[in-house]
Structure formats: structure tokens, C-alpha cells
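Let's take a walk through this model and see which side chains hold its parts together. Have the structure open as you read.

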Amino acid sequence: TFVLRMVQQSWRALSFAADCLRDDAEIVDAAVQQSGGALRFASERLRADKAIVMAAVQQSGEALEFASLECRSDHAIATAAVSQDWRALEHAAAELQQDREIMFAAVIQNASSIRRSGKLASDFEFVQRVVQQNWRVLHFADAELKADRDIVLAALRLSGGAALRYTATELLDDRDFMLVVLRQHGE
């Protein structure tokens, strides 16, 4: 159809389409493949279509904002959205904002997002896993974890030593620990 060709050229054409065309899965899919944000112009029915919403969030994680509550509560969709863009976390259903897998996807992109889940900032296993991909999480980890040798050494390896600024004073005052750090990082 004419509208499908227009949408294939520019997703923005969906914003001018009649309601019945905004409810056409083929047209909406063509739009969200270009820009996940085009989901905002889809019909309510298609905002609840898991395949359409998945295509949208894989293109732009923040498209989750325009999805139905059911889709925002879907673990696979929320994981895909947050993996694409950590900021999608705020649009995921509240119970999923505490999910370890979804939080991991957010925190490896932006360490400060761990603040959304206070309990994970004190979870040794979680912080140890994240710090190996994003050393800045040490800054937001609970004080007890900032004093953990293994976590801090993992952060230091990745940061080239910059993570020292977030290390607990008790470790910085520990001569043996600092000798290990000096051996690993030089001066």
C-alpha cells in the first residue's frame, strides 16, 4: 500500500496515518524497525503485541515507555529494552526493576543505576560480577564491599588504578593490600 511505502521511507509517516493504519501490524512493524519510538503512534492493540514491542525495544530501548503494561511486565521484553538502553529501566514494571538480570544489563552500562535497587548494592555476588565489566559500580556499592579485597582488585584491574578513589580507607591503610596494588599497577 501507499502508506506502507511511505513508512518504509520514513517512520514519521506513521504519525500522520489514520487510526486504522496505525493498527496495521505490517505498517507499524516497518516503522518500529526504523525507530523504536514510532511505537508511540501505534494503536493500543499493537502496543500490546509482544512481537511489535520486541522489535521496537531492540531498536530503541526507551520505546518500552510506549508499550502496554503487560509488555512492560514481560521479562524478555524488559531485558531486551534495558540491554539496548539502560534508561529503559524506569519504564519496566516495578517488580522487574529489582530483577538481577535486568539490573545487570543496566548497571554494566551505567553504574549509578544500581541505586534503583538498594539491595543489590550490598549483594557481594552481584557487585563482584558487575565490577568485572564496569568498575565504576564500586562507587555505588555498600561500604562493606568497598573494603572487600577481591572486589576492589577486580575494579582496579579494569580501571587501571582509578578505582582507588572509591576504595575503603581501611584497605588504603592496609600495607599488604597496597603492595599488591603497586605490584599490579606500578607507581
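Is E62 buried, partly exposed or exposed? With a relative accessibility of 27%, E62 counts as partly exposed, since buried would mean under 20%. Keep in mind that this is a predicted model. The side chain of E62 meets that of R87 in a salt bridge, 3.8 Å from N to O. That pair links the loop between α5 and α6 to the loop between α7 and α8, 25 residues apart. R87 is partly exposed too, at 41%.

Now move to helix α5, residues 50-59. K50 pairs up with D74 in a salt bridge, with the closest N and O atoms 3.1 Å apart. K50 sits in α5 and D74 in the loop between α6 and α7, so this bridge ties together parts 24 residues apart in sequence. K50 is partly exposed at 39%, while D74 is buried at 16%.

Next, look at α8 and α9. F104 and F126 make an edge-to-face aromatic pair, 6.5 Å centre to centre with 85 degrees between the planes. F104 belongs to α8 and F126 to α9, so the pair ties together parts 22 residues apart in sequence. Both rings are buried, and R129 lies over the face of F104, 3.6 Å from the ring centre.

Notes
Residues are numbered from 1 along each chain as its sequence is written. This is a predicted model: local features need pLDDT of at least 70, side-chain atom pairs count only at pLDDT 80 or more; totals for chains, interfaces and linings use all residues. Side-chain values use heavy atoms; hydrogens and water are left out. Rings of Phe, Tyr and Trp (its six-membered ring) pair if their centres lie within 6.5 Å; planes under 30 degrees apart count as stacked, over 60 as edge-to-face and the rest as tilted. Helices (H or I, at least four residues) and strands (E, at least two) are DSSP runs, numbered from the N terminus. Buried means under 20% relative accessible area, exposed over 50%, partly exposed in between (1.4 Å probe, protein chains only). A charge sits over a ring if NZ of Lys or CZ of Arg is within 6 Å of the ring centre and within 35 degrees of the ring normal. A salt bridge is a side-chain nitrogen of Lys or Arg within 4 Å of a carboxyl oxygen of Asp or Glu.
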